[in-house]
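This report goes through a protein model by topic.

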Amino acid sequence: MANPPHIAYRPDIDGLRAIAVLAVLLFHAFPACLPGGFVGVDIFFVISGFLISGILFDGLEKGSFSFVEFYSRRIRRIFPALALVCAACLIFGWFALLPDEYRQLGTHVAGGAGFLSNFVLLRESGYFDIDAKLKPLLHLWSLGIEEQYYLVWPAALFLCRRRRRTTALLLVLVGGVSFALNLYYTGHDPSLAYYVPFTRFWELMIGSALAFAARNATAGSVITGGPLANLKSIAGVLALTLALILINETRPFPGWWALLACAGAFLLICAGPEAWFNRRILASRPMVWTGLISYPLYLWHWPILSFGIIISRTPSIGYRIAALAASVALAALTYHFIELPVRRGKVRPKLRRVTLQLLGSMAVVGVVGASARYDIVRPISAGDPRDVEISTARHDGYFHASDSIPGTVKNTALFFGDSHMQQYWPRIELLTRRPGKRRTVELRTLGGCAPIPLVERAGEPCLAFVNSGFARAAAPDVDVVVIAASWKGFAERGDYYRPGLRNAAPLDMLAPDTQWVYDGFADALAHLRQLGKRVVVLSSSPRGYAFEPGRMVDRSRLIPRVKPAQIVYRAAMVAFLSPIDSRIRAAAQKAGVEILDPDDWLCTATVCPTVDSDGRPLYQDGTHIRATTARDKATGLDQFVLLGP
């Protein structure tokens, strides 16, 4: 939102916008170059809180504030570029996406049009969620949080407009509670902490508090400028530099780390326009120009990069550079030929008409997105049954981590492990509907957590899950324990460590010095065996790019076309999985428990098929079989459920 005439324009803040957007662009295109670049969004939050709250305070103090005018200005500021980018994504996606991809794009367009993207993405988050890079409108989550803030903040300030102390208390109280919730949920539910507004409002409130303090006659000159301006500016640059370098995707975020980026933005704004860095660097013409187009630049860059990843999987450096250049060009065109003409209107009747037209345009975009979500609007690929089958396969899985179905006898068969045990549940569930005697069956899984004791995975409650699973397996009513996992994933994730050691280094699960891990697994299995349980360990199921439905599509001509299925030889798959499977088998043999090989169900004597005889994918992704495959082929599990007629 542009500053009204009576509020001084600060070119250095546009320069700070440039830093924020360039950090995000560099992170998305070349993440290894700037691991903390995603904190540019947090810088935007502080800037937005400062500028918009300054406008609110000014209007409320002068008695000229109008809710209608405020939201009309927001619509004219936000809607033009957003509607254009969403419409462009729908049009391009109609040619380039598979049916399931287009449905999800439609969901995100509808969420973006309603400024609910953050909640849509939170609902999708989970172990089986697709890679974030394959969501062209992922970045709209931040816009949702910002607009949700401005749904409640103007009303709160309006109620406190005649009580400065109440406003100050509101800033401290709400900001403090929001920051505390951020710390709590970052440790307990990182996805929620990242996406919901009440764990992010404190970032906007930092800017709002600065705008409030700047209006105080005695503190204003100290808060924005003052004799320490250069020192504050230098400190702000240092804080931002540390944030961009030290923060990365493995850090718990937002948490305490987000405070570093927000503090840097706060200090640079607080330094005022006369600080040397602000005046000479941030207020330079290239930085100001980049800041002016930062909003459409932010909107355009990610869809272009994301569609490139969807189409080519690993876009070249040349493509990524070209994508950024195209983003700058489109942003400049959007700013000069769409944003500015809309914002330059002065005649009130014309402004009302423009506002209504923008509301109508955004509503149309949202309706088209919702229509795509519900298959009313379908992409070109929906006309090819093979493309439809690939889309179906990618969502044909079992997505619940636990379940229990009573049997005709009380004896329980416990199926325990990670998502590679979870994938077999459709077969087990099918067996429970057959007549005859059968055990009670129970599923205990946690995606990404192999059932190996003594080790913990960074950022995941794996050890607690594993300990509780083995404790349940030892219960008297359990007489069969079947264990499966993505053993290959366990070996290669590189984020398991030995708990209880300060700054424990990640473990190399294939190194000789980690034999204690497999000995601990063998001991846990042997303990169950000593209790009289029948214990079975499943080795790895086939996996690899050849099994992934999305890679069975040729997108070189933009419109998806199904490729011939790849042949995967069983001997090659066994050799590929042998480094980890040999250690799992050795642990099972040491414990004296049974070993089953899923290859016996999923492969022939010579090949591991990727599709069935009708060309339909057998796998949900590159490692998990789809539910229909489990029901038809995982017959080796029948003996643990059925007890005869």
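## Confidence and conventions

What pLDDT does the protein average, and what percentage of the residues score at least 70? The average is 93, and 97% of the residues reach at least 70; pLDDT is the predictor's confidence in each residue, from 0 to 100. Over residues 1-6 pLDDT stays under 50, and the model has 16 contacts beyond four places in sequence for this stretch. Contact means heavy atoms within 4.5 Å.

This is a predicted model, in which local features need pLDDT of at least 70 and side-chain atom pairs count only at pLDDT 80 or more, while totals for chains, interfaces and linings use all residues. Residues are numbered from 1 along each chain as its sequence is written, and side-chain values use heavy atoms, with hydrogens and water left out.

An open sheet of mixed pairing is formed by six strands in the order 1-3-2-5-7-10. Strand 1 (402-405) and strand 10 (594-596) are the edge strands, each pairing on one side only. From one strand to the next the twist averages 15°. Helices (H or I, at least four residues) and strands (E, at least two) are DSSP runs, numbered from the N terminus. Two strands pair if DSSP finds at least two bridges between them.

Strand 1 pairs with strand 3 (residues 440-445) in the antiparallel sense, over four bridges. Two of the bridge partners in strand 3 are R444, for S402, and V441, for I405. Strand 2 and strand 3 run parallel and are joined by six bridges; L414 stands opposite E442 of strand 3. Strand 3 is largely enclosed by the rest of the structure, because five of its six residues are buried. Buried means under 20% relative accessible area, exposed over 50%, and partly exposed in between (1.4 Å probe, protein chains only).

## Residue I405 in strand 1

I405 has its place in strand 1. With a relative accessible area of 17%, I405 is buried. Leaving aside neighbours within four places in sequence, the residues in contact with I405 are W425, E429, T432, R438, T440 and V441. I405 and I428 lie 23 residues apart in sequence, and their C-alpha atoms are 9.6 Å apart in space.

## A packed helix pair

Two packed helices are described by the angle between their axes and the distance between the axes. Helix 6 (residues 140-159) packs with helix 9 (residues 201-214) at an angle of about 60°, and their axes are 10 Å apart. Axes are lines fitted to C-alpha atoms, for helices over the stretch in contact, and angles run from 0 to 180 degrees between N-to-C directions. The crossing of helix 6 past helix 9 is right-handed; a crossing is left-handed if the near helix is turned anticlockwise from the far one by less than a right angle, and right-handed if clockwise.

Which residues make the contact between helix 6 and helix 9? Helix 6 contributes I145, E146, Q148, Y149, Y150, V152 and W153, and helix 9 contributes F201, L204, M205 and S208. By class, this contact has eight nonpolar, two polar and one charged residues. Ala, Val, Leu, Ile, Met, Phe, Trp, Tyr, Cys and Pro count as nonpolar, Asp, Glu, Lys and Arg as charged, and the others, Gly among them, as polar.

## Residue T290 in helix 14

T290 lies in helix 14 (residues 285-292). Is T290 buried or exposed? T290 counts as buried because its relative accessibility is 13%. Apart from neighbours within four places in sequence, T290 is in contact with A18, V21, L22 and L297.

## Backbone exceptions

Most residues other than glycine have a negative phi, and most peptide bonds are trans. The bond joining F253 and P254 is a cis peptide bond, with omega about 10°. P254 is placed in the loop between helix 11 (229-246) and helix 12 (257-271).

L454, a residue other than glycine, has a positive phi near 80°. The loop between strand 3 and strand 4 (456-457) holds L454, and at 43% relative accessibility L454 counts as partly exposed. L558 is not a glycine either, and its phi is positive at about 75°. L558 has its place in the loop between strand 8 (553-554) and strand 9 (561-562); its relative accessibility is 30%, so L558 counts as partly exposed.
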